[in-house]
Amino acid sequence: MSATAELATTKEIPEQEILENIIFPPGDLYSDEPPVETELHLRQIILLLNCLEWLWRDRNDFYAAGNLTIYYSPKQLKSKDFRGPDFFVVLGTERKTRKSWVVWDEEGKYPNIIVEILSPKTANIDKNFKKQLYQDTFRTHDYFWFDPETLELAGFHLLDGEYEAIAPNEFGHLRSQQLDLSLGICGEKLRFFTAGGELVPTLEEVAERETQRAGQEAQRADRLAAKLRELNIDPDTI
């Protein structure tokens, strides 16, 4: 069959049949994000991820990631409509490893919370274009940005379809209704805090606290033993 005949035959195929035979890209698309800009950005993203995963270590109903591509094309195209937030959390989904977040393969779910780490290069985009995108298209309930250099922190909550600035609470933190946690600055880092204002620790910080507590208990035991010996009492017989 000539090329002309083939083209004519294709034109005769009903459009609906063509659409039904289209093979959309697989849901396990790879993330296509550039490396984070600085070590500060990398460490900040890892810190948020580690803290939340430690706090929610017994939960299996969320997905948290950093610098990972979100594909959201209505036509399921991998070549357009994709963004890679610095940090995001999706609630009500399976906790498992993914190559990217593909909205059409995840029951249409978008992130419940997004955090962007600002830089001189991206600040204008994060504060304007991305804010509008996350408000109007993603419909992400909580959006925050943080500048690791200047320590600027701002947060917004989606109310009646538009972002409203989140006012600091009594601890100076910005509350995320979606996570039931707050975001604030500690040691020049963006950290999670509980409703009571307590810092959400990393696993390493928990281990360090336990080591310090064990050391303090050992010191108390040594002092008590010394006091008993002063009273001619052998502490090993008690």
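**Terms and their grounds**

Analyst: The protein chain has 6 helices and 12 strands; helices (H or I, at least four residues) and strands (E, at least two) are DSSP runs, numbered from the N terminus. This is a predicted model, in which local features need pLDDT of at least 70 and side-chain atom pairs count only at pLDDT 80 or more, while totals for chains, interfaces and linings use all residues. Residues are numbered from 1 along each chain as its sequence is written, and side-chain values use heavy atoms, with hydrogens and water left out.

User: Why are strand 8 and strand 9 called paired?

Analyst: Two strands pair if DSSP finds at least two bridges between them. Strand 8 (residues 153-159) and strand 9 (residues 162-165) are joined by 4 bridges, so they pair, and they run antiparallel. His157 stands opposite Glu164 in strand 9. In this hairpin, with 2 residues between the strands, Asp160 takes a positive phi near 55°.

User: What makes a set of residues a nonpolar core?

Analyst: Its members are buried (under 20% relative accessible area, 1.4 Å probe, protein chains only). They are Ala, Val, Leu, Ile, Met, Phe, Trp, Tyr or Cys residues joined through side-chain atoms within 4.5 Å. The largest such core has 24 residues, and Leu52, Val89, Val115, Leu179, Leu183 and Phe192 touch the most other members. Helix 3 gives the most to this core, with 5 residues. A second, separate core of 21 residues includes Trp101, Leu118, Trp145 and Phe156.

User: Which residues is Leu179 in contact with, leaving aside its neighbours within four places in sequence?

Analyst: Contact means heavy atoms within 4.5 Å. With those neighbours left aside, Leu179 is in contact with Trp56, Val89, Leu91, Ile113 and Phe192.

Note on methods. Buried means under 20% relative accessible area, exposed over 50%, partly exposed in between (1.4 Å probe, protein chains only).
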